[in-house]
Amino acid sequence: GLKHRREVAGKSAIFSGEHFVLEETDWYLLNLFRLWWHYGISFLRLQMWVEEVMEKFMRIYKYQAHGYAFSSLEELLRSLGGDAFINMTQRSVAESLLEVGVTQRFVDDVIAAVLRSSYGQSVLVPAFAGAMSLAGAQGSTWAVEGGNKLVCSGLLKLTKANIIPARVTGVSLHSSEGRALYQVHYEGSEGQGSAFYDMVVVTTPLHSSRSNFTFENFEPPIADFLGAFQPSVTSVVHGYLNSSYFGFPDPKLFPFASILTTDTPDLFFNAMDNICPVNISAAFRRKQPQEAAVWRVLSQQPLDKQQLKTLFRSYYSVQVTEWQAYPRYDAAKSLPPIVLHENLFYLSGVEWVASSMEMIAVAAKNVALLAYNRWHQDLEKIDQKDLMHKVKTEL
């Protein structure tokens, strides 16, 4: 019952702090010419690289359709792209792109801008996470009419799950007739409680900076994983854009709805865009550049009044949300496990491969299949080699 939200046209540009290094126009061929003029065939080499990665990544859907699962992130990646995919979690996207012939200037201008907008980080993020981010920036993504949150609420409704509105504080291990039994402790509006389960899936980051619950009676103990998270600040501002800051003294002439930024020390924001409602009527239109509009500004620190004054001539309201958005990829040393104990699984570790809604959905189905196959002792469906050949044989 979900619908695509209607797209509202809007041009993008990349800002260096002093001028726009790349501007989108209304003409596709002119955009291609500008890319070629500034960066040669780097954009073609980028597209070929991303398409090669995504073509291999899409194999996961065939594997999962046939019930195959993986007990570790390394096994999952190896089944899709061999050791090359493993290596892509350990080397930077900049290094990988330079190796296939993308120029340093293209990396500094375009790749850096996309990664600052998506992950709030530099071109030193791992190549696999970078490829996922760059794939999402190529215009094939879409939003749900009414808000993307309807995906989650719709799935919950379809599963008819028994939802307990409480915060989990810990998991303790027990045994029943020689099998592991997990007691989940929680705190809700009615006080503390607990329940026993045969299987448990942990979907919150188990890192020292984020984890606030404990594991008891496990031997060896389940410890927090190393790593930190990248802080992100989203400021939703209803106001008049200060187009002069971007080199347009006349606000009526400002043509862009989305502004990305290069990795420049003096820039205090990562990206900003003129956002639209979650429900878009047929009569909806973007505000004219001289009119008050709703802008979303992404930054690593809350914007102070002087910074807001730099971006906006005046504003009616500012709503700020601070959150630990993504893993800080330069702090990643190894990939977290999927299996914490016999029937205790960890979902959020996939974010350290790449963080996106699609990656979490893939990881969730993998955990569901893994739990099912382990429970029924169907080991032929777990960590199988040469899966492409097996899948073709089954077809």
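**Exercise 1.** Determine how the lining of the second largest pocket divides by class.

*Solution.* The structure is a predicted model, in which local features need pLDDT of at least 70 and side-chain atom pairs count only at pLDDT 80 or more, while totals for chains, interfaces and linings use all residues. Residues are numbered from 1 along each chain as its sequence is written, and side-chain values use heavy atoms, with hydrogens and water left out.

**Exercise 2.** State the volume of the second largest pocket and identify the elements that line this pocket.

*Solution.* Step 1: On a 1 Å grid over the protein atoms alone, a pocket is an open set of points where a 1.4 Å probe fits, with protein on both sides within 12 Å along at least five of seven lines; lining residues have an atom within 4 Å of a point. Step 2: The volume, the space filled by probe spheres set on the points, is about 670 Å³. Step 3: Among the 18 lining residues, Val168, Val184, Val200, Val201 and Thr203 are the closest to the centre. Step 4: Strands are DSSP runs of E with at least two residues, and helices are runs of H or I with at least four, numbered from the N terminus. The elements giving two or more residues are β3 (166–176), β4 (179–188) and β6 (200–202), and β3 provides the largest share, 4 residues.

**Exercise 3.** Is Val202 buried or exposed?

*Solution.* Step 1: Buried means under 20% relative accessible area, exposed over 50%, and partly exposed in between (1.4 Å probe, protein chains only). Step 2: Val202, which belongs to strand β6, has a relative accessible area of 5% and is therefore buried. Step 3: From Val202 to Tyr346 the C-alpha distance is 4.9 Å, although 144 residues separate them in sequence.

**Exercise 4.** Describe the surroundings of strand β11 and name the strands that pair with β11.

*Solution.* Step 1: In β11 (residues 293–299), 5 of the 7 residues are buried. Step 2: Two strands pair if DSSP finds at least two bridges between them. Step 3: Strand β8 (residues 229–241) runs antiparallel to β11 and is joined to it by 7 bridges; β10 (residues 271–274) also pairs with β11 in the antiparallel sense, over 4 bridges. Step 4: Arg296 of β11 is the bridge partner of Val236 and stands opposite Asp273.

Terms used
Ala, Val, Leu, Ile, Met, Phe, Trp, Tyr, Cys and Pro count as nonpolar, Asp, Glu, Lys and Arg as charged, and the others, Gly among them, as polar.
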